[in-house]
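Open the model in your viewer and keep the selection tool at hand. We will go stop by stop.

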Amino acid sequence: MADNLTNVKKIIDKLTIDQHSILSEKVFNLAAELGIGDNLVQDCLNQLREDNYIAMPMPSIVKRI
């Protein structure tokens, strides 16, 4: 899980360089290219929310804090 979490975090970092919020669909699509399934991505997003790294103000929006 740690490797997946790191990869999802890197994806979020990459996508939020010029903006603070992104569609979660972009995260899922890029993670799929790395072989990370939807359930694992969702688990990683939940972990990152618990760690206060991201917020999800709406269901399909990821905002880096």
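Predicted model: local features only at pLDDT ≥ 70, side-chain atom pairs only at ≥ 80, totals over all residues.

**Stop 1**

Select residues 2-15, helix H1, and residues 38-50, helix H3. The two pack with their axes 9 Å apart, at an angle of about 75°. Angles of 65 to 115 degrees count as roughly perpendicular, so that is how H1 and H3 lie to each other.

Now show side chains at the contact. From H1, pick Asn4, Leu5, Val8, Lys9 and Ile12. From H3, pick Leu40, Cys44, Leu45, Gln47 and Leu48. Colour them by class: seven are nonpolar, two polar and one charged.

**Stop 1: Leu48**

Stay on helix H3 and centre on Leu48. Is this residue buried or exposed? Its relative accessible area is 3%, under the 20% cut-off, so Leu48 is buried.

Next, display what surrounds Leu48. Leaving out residues up to four places away in sequence, Leu48 touches Leu5, Val8, Lys9, Ile12, Tyr53 and Ile54. Among these, Leu5, Val8, Lys9 and Ile12 belong to the H1 side of the helix contact.

**Stop 2: Lys9 and Tyr53**

Select Lys9 and Tyr53, both of which touch Leu48. What sits over the ring of Tyr53? The charged end of Lys9 does, 4.5 Å from the ring centre. Lys9 is also part of the H1 contact with H3. If you go looking for aromatic pairs, the structure holds zero.

**Stop 3: Asn52**

Move to the loop between H3 and strand E2 (54-55), and select Asn52. Check its backbone: phi is positive, about 60°, although Asn52 is not a glycine. Most residues other than glycine have a negative phi. Asn52 has 57% relative accessibility, over the 50% cut-off, so it counts as exposed.

**Stop 4: Ser24**

Last, go to helix H2, residues 24-33, and select Ser24. Which residues does Ser24 touch, not counting those up to four places away in sequence? They are Met56, Pro59, Ser60 and Val62. Relative accessibility is 10% here, under the 20% limit, so Ser24 counts as buried.

Key
Residues numbered from 1 in each chain as written. Heavy atoms only, no water. Axes fitted to C-alpha atoms, helices over the stretch in contact; angles between N-to-C directions. Helix = DSSP H or I, 4+ residues; strand = E, 2+ residues; numbered from the N terminus. Parallel < 35°, antiparallel > 145°, perpendicular 65-115°, else oblique. Contact = heavy atoms within 4.5 Å. Nonpolar A, V, L, I, M, F, W, Y, C, P; charged D, E, K, R; others polar. Phe/Tyr/Trp six-rings, centres within 6.5 Å; stacked < 30°, edge-to-face > 60°. Lys NZ or Arg CZ within 6 Å of the ring centre and 35° of its normal. Buried < 20%, exposed > 50% of the residue type's maximum accessible area, 1.4 Å probe, protein only.
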